[in-house]
Amino acid sequence: MTRTITIDPVTRIEGHSRITLQLNEAGEVVDAQFHVTQFRGFEKIAEGRPFREMPSLMARICGICPVSHLIASAKACDDLLAVRVPSTAVHLRQILNLAQLIQSHALSFFYLSAPDFLLGLDADPARRNLFGLLEQHPELARGGVRLRQFGQEVIEQLSGRRIHPAWVVPGGVSEPLTADRRDRMLAGLPEALDCVQRTLAWFQPLHAQFQEEIRAFASFPTLFLGLVTPQNTLEHYDGLLRLVDADGSIRELAIDKFQYGEVIGEAVESFSYLKSPYYRPLGYPDGLYRVGPLARLNMVSRAGTPRADAALAEFQALPLAERQSSFYYHLARLIEILYALEQIERLLQEPDILSPRVQAAAAPNAYEGVGIAEAPRGTLLHHYQVDEDGLIRQVNLIIATGHNHLAMNRGVLQTARHFVRGQQLTEGMLNRVEAVIRTFDPCLSCSTHAIGQMPLHVQLLDAAGRVVDEVQR
Amino acid sequence: MVTTFKINEMDVSAGEGETILDVARQHHIHVPTLCHLEGLTPVGACRLCLVEVKGSAALVPACVTRAAEGMEISTDSERLQRYRRMIVEMLFAEGNHICAVCVSNGHCELQALAGDLGMTHSRLGFLYRQKRIDASHYRFAIDHNRCVLCTRCVRVCDEIEGAHTWDVMGRGIQSQVITDLAQPWGSSSTCTNCGKCINACPTGALFKKSKAVGEMEKDTHFLGYIRTMREVK
């Protein structure tokens with residue numbers, strides 16, 4: 001008899017989701033679906049609001065990444081003002097964005113995923129968490145907590161608060177940086193750098209123990225999307241929006257942000273509130289691509305800072321096929337933390353970093369704005385249209401996790417097919433199915449906004465799995 | 001003529017024309033207000049300054065009531081606290097006050113009142129009425145979602161600026177402040193663009209369009225200055 005296994009909720013991720021696995025009579029997985037079960041609706045909420053409210057309003061999408069939404073939103077608003085943001089404000093926003101990346105990556109790596117690496121994917125689920133980690137590997141767990149704290153402290157020093165700061169505003173930032181705050185941030189850097197380098201040195205050799213997972217965790221060639229500098233190094237705030245093939249060859253050199261809709265299509269499926277963006281020229285669902293730390297590292301030729309360059313070179317020495325495995329998202333996060341710390345150090349030493357000129361004042365001068373930035377999980381796109389008076393007419397959001405939707409679904413199927421055996425089901429098998437989702441570090445509360453176009457599909461199944469009734473909207 | 005009476009058992013005296021609120025403030029006795037603004041005609045609309053008078057079942061608004069000889073007034077009873085909190089809860093339930101994304105967050109009289117009165121939530125169901133924003137003026141905007149109908153804008157525009165651009169339209173829950181004959185603010189022929197209404201507004205209802213979240217700080221000091229200058233002329 002066929003069976004359906006439901007993993008509900010998927011644990012140690014941000015937001016709510018469910019996975020269903022469809023087994024055939026032999027107990028083999030024939031299909032798998034990743035369902036995002038919550039709905040937010042921010043695109044609709046924002047309609048009619050003054051555009052200057054948008055950065056703070058959009059930041060409420062997420063308590064983990066408020067800064068990422070702030071930045072993408074403020075950049076879309078900069079477009080509406082049609083001003084050039086002062087360079088000091090750009091640097092300050094960059095530091096804030098990198099601090100956000102550090103704290104979010106540290107959360108994903110140490111709090112959510114490290115229990116799997118250290119305690120084992122088959123360990124007792126009651127202990128396979130941060131507390132179990134603190135008991136058995138206190139040094140490493142504490143380092144992760146401190147690293148996250150550093151990221152949060154930089155956010156607080158710059159913006160006045162750790163969560164939902166209102167400091168990033170259209171045209172720049174609201175307050176300049178003071179020398180003592182800069183020095184406090186600089187003082188915390190050595191410990192953070194030391195911590196991430198120690199973790200890297202421990203984690204890199206550990207990959208030998210996870211060869212099977214590396215082969216089966218969403219391990220397939222895909223396109224990659226993300227921001228890069230003109231020199232093809234890492235870029236998280238601005239730069240060229242590029243799309244490359246699995247081997248790094250360029251498909252789209254620099255996507256015009258106002259024409260993103262011609263390159264990225266947005267599909268919807270009845271089983272999830274999360275939309276499925278795809279690369280239009282390849283169609284749906286073949287135009288599957290990935291974003292986020294792994295995508296970024298697979299796109300660039302160098303990181304752009306000395307220590308991160310060295311770490312990246314080791315990663316680049318791996319065979320190309322292996323670098324396609326989503327298992328490497330974890331390593332990519334550590335390398336990006338290293339890069340972010342070095343980059344923050346450099347930016348804090350910019351000669352104009354304490355300049356009081358941090359905000360360009362203007363009335364709205366354009367009807368349309370698009371803000372693109374790299375959130376920790378990948379490319380974040382905010383697209384706003386305003387009316388004559390600067391009130392929001394229409395909003396479209398493409399959130400990092402959305403870009404990865406098709407890849408996550410395919411990854412779940414690949415992992416489930418590889419590990420799940422319906423005849424002798426174990427918790428460890430199902431944990432691996434969850435763990436493949438965790439590699440993407442999805443933020444589901446961030447990602448589900450469109451309203452009114454969501455198809456509804458309800459199926460009533462009998463015990464044998466036959467469809468008894470069906471409703472479709 | 002001087003009137004002598006008691007506030008919270010303290011002997012006080014009021015000069016000609018002074019209200020209970022005037023005297024309370026002279027003695028640093030806190031009485032919460034919202035529609036009241038020093039320098040504008042009091043209207044007793046918000047009822048937050050209600051006080052108890054010994055021997056009388058009715059509560060009186062301190063901002064428009066003159067004390068009578070020998071009155072014993074109480075400004076801070078448990079009953080008053082309860083009523084005031086209820087009034088603020090009603091204001092929150094009637095409007096759409098989303099402090100977190102408001103231009104006046106951190107500088108709002110309504111927000112401060114809710115904090116002072118210990119309001120943690122509204123026990124009444126929110127109405128979630130769809131109210132519009134008029135952003136047609138080139139510098140200013142009004143978000144009716146945040147308007148508490150205190151009419152401070154109406155009075156400052158009429159009494160101080162002399163333009164009388166603002167007024168109130170409708171009745172009961174349908175009431176709203178309007179510019180001219182309910183025209184878009186940007187097309188008002190009487191508005192002098194002086195911005196006094198912006199500063200008089202206790203919430204983020206009236207704001208400068210250039211301000212982002214939390215950036216709108218109101219300053220009402222100009223009122224005392226203008227009145228003094230007019231009196232000495």
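**Notebook: a predicted two-chain model**

I began with one pair: B:Lys6 stands opposite B:Glu72 in E5(B). My strand labels follow DSSP runs, numbered from the N terminus: strands are E runs of at least two residues, and helices are H or I runs of at least four. This is a predicted model, where local features need pLDDT of at least 70 and side-chain atom pairs count only at pLDDT 80 or more, while totals for chains, interfaces and linings use all residues. Residues are numbered from 1 along each chain as its sequence is written, and chains are lettered from A and ligands numbered from 1 in the order in which they are written.

**Entry 1**

Strand E1 (residues 3-7) of chain B runs parallel to strand E5 (residues 72-74) of chain B, and two bridges join them. For two strands to pair, DSSP has to find at least two bridges between them.

I then looked at the neighbour, E2(B). Five bridges join E1(B) to E2(B), and these strands run antiparallel. B:Phe5 has B:Val12 as its bridge partner in E2(B). The two strands form a hairpin with two residues between them. In that turn, B:Asn8 has a positive phi of about 45°.

**Entry 1**

Strand E7 (residues 140-143) of chain B runs antiparallel to E10(B), with three bridges between them. One partner I noted for B:Phe140 is B:Lys208 in E10(B).

**Entry 2: two domains in chain B**

I looked up how chain B is divided: domain 1 (3-76) and domain 2 (97-232), with bounds from an automatic or database domain assignment. Their C-alpha centres lie 25 Å apart. The contact between them takes 11 residues from domain 1 and 17 residues from domain 2 of chain B, where contact means C-beta atoms, placed from the backbone, within 7 Å. On the domain 1 side I have eight nonpolar residues, two polar and one charged. Here Ala, Val, Leu, Ile, Met, Phe, Trp, Tyr, Cys and Pro count as nonpolar, Asp, Glu, Lys and Arg as charged, and the others, Gly among them, as polar.

**Entry 3: chain A against chain B**

I checked the contact between the chains next. It takes 16 residues from chain A and 13 residues from chain B. The chain A side divides into seven nonpolar, five polar and four charged residues.

**Entry 4: the largest nonpolar core**

How many residues are in the largest nonpolar core? I have 196, and A:Ile102, A:Ile335, A:Val412 and B:Cys153 touch the most other members. Such a core is a set of buried Ala, Val, Leu, Ile, Met, Phe, Trp, Tyr and Cys residues joined through C-beta atoms within 7 Å. Helix H4 (residues 87-119) of chain A gives the most to this core, with 14 residues. The core also draws at least three residues from each of domain 1 and domain 2 of chain B.

I listed the contacts of A:Ile102, leaving out residues up to four places away in sequence. They are A:Leu147, A:Phe150, A:Gly151, A:Ile337, A:Ala340 and A:Leu341.

**Entry 5: loop residues**

I looked at A:His164, in the loop between helix H6 (138-159) and strand E4 (168-169) of chain A. Its phi is near 55°, a positive value in a residue other than glycine. Is A:His164 buried, partly exposed or exposed? It counts as partly exposed because it has 18 C-beta neighbours inside 10 Å; 20 or more would be buried, 12 or fewer exposed, with C-beta atoms placed from the backbone.

B:Asp180 has a positive phi too, near 50°. I place it in the loop between strand E9 (176-179) and helix H5 (196-200) of chain B. With 17 C-beta neighbours inside 10 Å, B:Asp180 is partly exposed.

Last, I noted a cis peptide bond from A:Tyr284 to A:Pro285, with omega near 0°. A:Pro285 is in the loop between strand E10 (276-279) and strand E11 (289-290) of chain A.

Terms used:
Two residues are in contact if their C-beta atoms, placed from the backbone, lie within 7 Å.
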